[in-house]
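Here is a short note for your review. Please read the points against the coordinates.

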Amino acid sequence: MEDFETIECDVLVVGAGGAGLRAAIAASEYGAKVALVSKSLLGKAHTVMAEGGVAAALGNVDERDNWKIHFRDTIRGSKNLANWEMAKIHAEKAPDRVRELERWGAVFDRTEEGKISQRNFGGHRYPRLAHVGDRTGLEIIRTLQDYAVHMENIEVFMECTVSDILKSDNRTVGALAYYRSSGKLVVFEAGSVILATGGIGKAYRITSNSWEYTGDGHALAYLAGADLIDMEFVQFHPTGMVWPPSVKGTLVTEGVRGDGGILVNSEGERFMFNYIPDVFAAETAKSEEEANSWLKGEEGAMRPPELLTRDVVARAIMTEVKEGRGSPHGGAFLDIASRQSPDYIRRKLPSMYHQFKELATLDITKEPMEVGPTTHYMMGGIKVEANTAASTIPGLYAAGEAAAGMHGANRLGGNSLSDLLVFGKIAGQCAANYAQENSKVSPHGKEIKKSIENTLEPFEDGDENPYQIHQELQEIMESHAGIVRTGEELEKGIRKLEKLEKRLPEMYAKGERKYNPGWHLCLDLHNMIITSLALSRAALERTESRGAHTRLDYPDYDDELGKVNMIVRPGPGGMSVVKSPLLKMPTELNDYVLKEVV
Amino acid sequence: MKRKIRLQRGEPNNLRLDEFEIKVETGMVVLDAIHLIQATEAPDLAIRWNCKAGKCGSCSAEVNGEPKLTCMTRLSDYPEDQTLTVQPMKTFPLIKDLVTDVSWNYEVNRQITPYQHTEGTGDPIMFQAEVDRVQEFRKCIECFLCQDVCHVLRSHDMKDEFAGPRFMIRTAGLEMHPLDQGERLEHLRDDHGIGLCNITKCCTYACPEHIGITDNAIIPMKERVVDEYYDPLKWLWNMVTGKSN
Ligand SMILES: Cc1cc2nc3c(=O)[nH]c(=O)nc-3n(C[C@H](O)[C@H](O)[C@H](O)COP(=O)(O)OP(=O)(O)OC[C@H]3O[C@@H](n4cnc5c(N)ncnc54)[C@H](O)[C@@H]3O)c2cc1C
Ligand code: SF4
Ligand code: SF4
Ligand code: FES
């Protein structure tokens, strides 16, 4: 058998974004010896790209805000599918997690009184997002990273990719990984494992996500036998760049709209007023005058319709384009130039300013941007328990975008960074506790051997170029499981995916094992196919439109389906999708969520 | 439209420049060109990247000898008929193709005393004007391009004596934080070699985040070091009070 190095630890944390780092810190504080691995260099995970802010009901800008309203906004935004326990823990704990970052050295933008400033965002009743201009993720990841590297019992393994979870008697006992730079193999023997691997966006062509988002954690957990939940819900962010072609999909933060930006069609109409859903009507401005008084900060003014939840805004832009009122490159105009001073824009949205200036030769302080929907965030993921972040497999935990339950059918902007911090910490503590309470088991040699063979398989002969397969996968997902779906298209897509899956063993990795992206892609593609199939099959079962999942053949809510989550799990006959009833919310909270206005 | 691009390939003892011809699309950046080559001609071509939007600092390289984020450098900035050359950062040991071993930077970072919070009651109060400068330094995306161009590291390879501009601003960001209690000046002088910087400002010109590395961080930190250690009155005072020599 191939040589491999062995590393022993109590807790193996897979992923060094916000969730993985926060989990590693918590586990280490709990006394565990932690191995923290990530596919890229430390500090480069997706979290670094987050722009707009982290949601927490600090009440610094509007003191009427509190956890209960944040909870209500989250559940309403999720179209009632969120796990209420997670949403409650999240809303209650987020303020502490943000304040803690400040004690660890983070420097958020300030209010006039010198407190952490908060900005408006879609679906949030009050200004709630703590932020640093439009580079909030950078501030958070750097703070966590600098804190973590100074802890004695966290060892960091950069550019190291986990390719398989190792189990023994249905319990997680470690993982196999390879170092990207050398191609050498390493077995982590661990008391427990936390998956904090982020999302799946690379299954789509137009996306705000990086090469890392290949659904590794989703697929690793699935292959280990764990349940996935809400896989049909992929968030398409309404505002990605649409021009020039090479940057199509790159994110334009919702902060632009939070700071007053408006959406306009080719006829100059502020079209979002035509798309206000009934559930949000009582909380949304009905006219430009009303929306303008909100921008001026007038007490009691209702929020502009540009700040409706992302699913609503994304569909509105699509409709405008389809009905012939799109911008020249097939999007909508996003205008902040006429709403705020150049100085304000450069101070609050500096990276947007540079992004457009350098990549699109456009000055956002003078001209409107052109924007359209882009694949952004995966609501679905590994099913976890609210209080422990435990998956359905003993010893396997999950947090961050790879885990699911918090966001249901639609995530509110800013609720991911807070999710990472709150559940990262819980996962770290509970995984450390599990490792301490259960005596360690070593992985079987036979299982390691099998994992190694799979990992090195692409070096065997084949005639399929992985880059070509990836492109075909993206085309399938975009045309059959995109923003709008039908049963027929989904079925076609699933058949195509099944065919593509059969071609995977024929992929080849040319060259040596040392830093070989072709090889890495071959392995990533196995994960992307699993997540794409899970997503499409769950989407086929949900015969209604809800949140981010829009079915043209079932355009309305179905009350019965509104009471269940879809679970995807490996069964004896292959992948199966089953319906699972929602957790029942206590009446008092439920009544509060249902109230028309609070 | 087609254009030629030359990429440095291979490992330390076996280097070569491979030339490719690519079809250019509107708005294409250097990283797009590299990805296109990877997908069609050289599947094992090594390059780091993540965000493709200038936010993560992964994709640094030398384009026609200049330090650049390849994801923010448009092909149209260079004349079409000229072959573009992309090489890895020279200051760090090469791993393969365009990827270098930047782990030294992570070691240096660990040597810096982390943030030490002033514990008080209630939420910390800091005013925007007080934190503007600190926020400027915290914009750093760790692309290490400033480290790449600094002659102390690049030409003289003094990595054991000098931490480099990236860590000058890191230290400055901590030292200027209104609520930090850490002491870093002695370390900055003795181990991180701030005296070795002779203010050529090459780092500042290279920084894609437009951080005023030299004027806003290095010069003020040099002054603080001088004040702390060479002010005779202060020196005498420190002797008397027994504060760090
Ligand atoms: C452009 C952009 C802007 C955003 N803005 C906001 C915002 O303003 N507010 C907000 O709340 N959310 C925002 N989001 C969403 C949010 O940033 C992400 O959901 C969140 O950062 C995910 O964090 P994470 O810790 O779960 O994963 P990540 O930060 O993505 O980290 C995943 C980690 O897992 C590692 N990994 C993956 N697979 C493997 C493997 N097989 N082996 C080893 N390691 C692996 C990766 O290397 C990485 O270290 C934004 C997202 C994008 C793309
Ligand atoms: S100014 Fe100092 S740190 Fe910057 S490049 Fe010159 S010598 Fe190096
Ligand atoms: S200071 Fe500027 S050039 Fe240096 S690493 Fe940071 S962002 Fe890059
Ligand atoms: S890929 Fe992130 S800065 Fe270039």
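1. A residue is near a molecule if one of its heavy atoms lies within 4 Å of it. By that rule, ligand 3 is surrounded by C140(B), I141(B), E142(B), C143(B), F144(B), C146(B), I169(B), C207(B), P208(B), E209(B) and I213(B). The shell holds nine nonpolar, two charged and no polar residues. Ala, Val, Leu, Ile, Met, Phe, Trp, Tyr, Cys and Pro count as nonpolar, Asp, Glu, Lys and Arg as charged, and the others, Gly among them, as polar.

2. This is a predicted model: local features need pLDDT of at least 70, side-chain atom pairs count only at pLDDT 80 or more, and totals for chains, interfaces and linings use all residues. Residues are numbered from 1 along each chain as its sequence is written, chains are lettered from A and ligands numbered from 1 in the order written, and side-chain values use heavy atoms, without hydrogens and water.

3. Chain B has an open five-stranded sheet, order 2-1-5-3-4, with mixed pairing. Strands are DSSP runs of E, at least two residues, and helices runs of H or I, at least four, numbered from the N terminus. Two strands pair if DSSP finds at least two bridges between them. Strand 2 (14–23) and strand 4 (66–69) of chain B are at the edges with a single partner strand each, so one side of each lacks a neighbour in the sheet.

4. Strand 1 (residues 2–11) and strand 5 (residues 84–87) of chain B run parallel, joined by three bridges. R6(B) stands opposite T85(B) in strand 5 of chain B.
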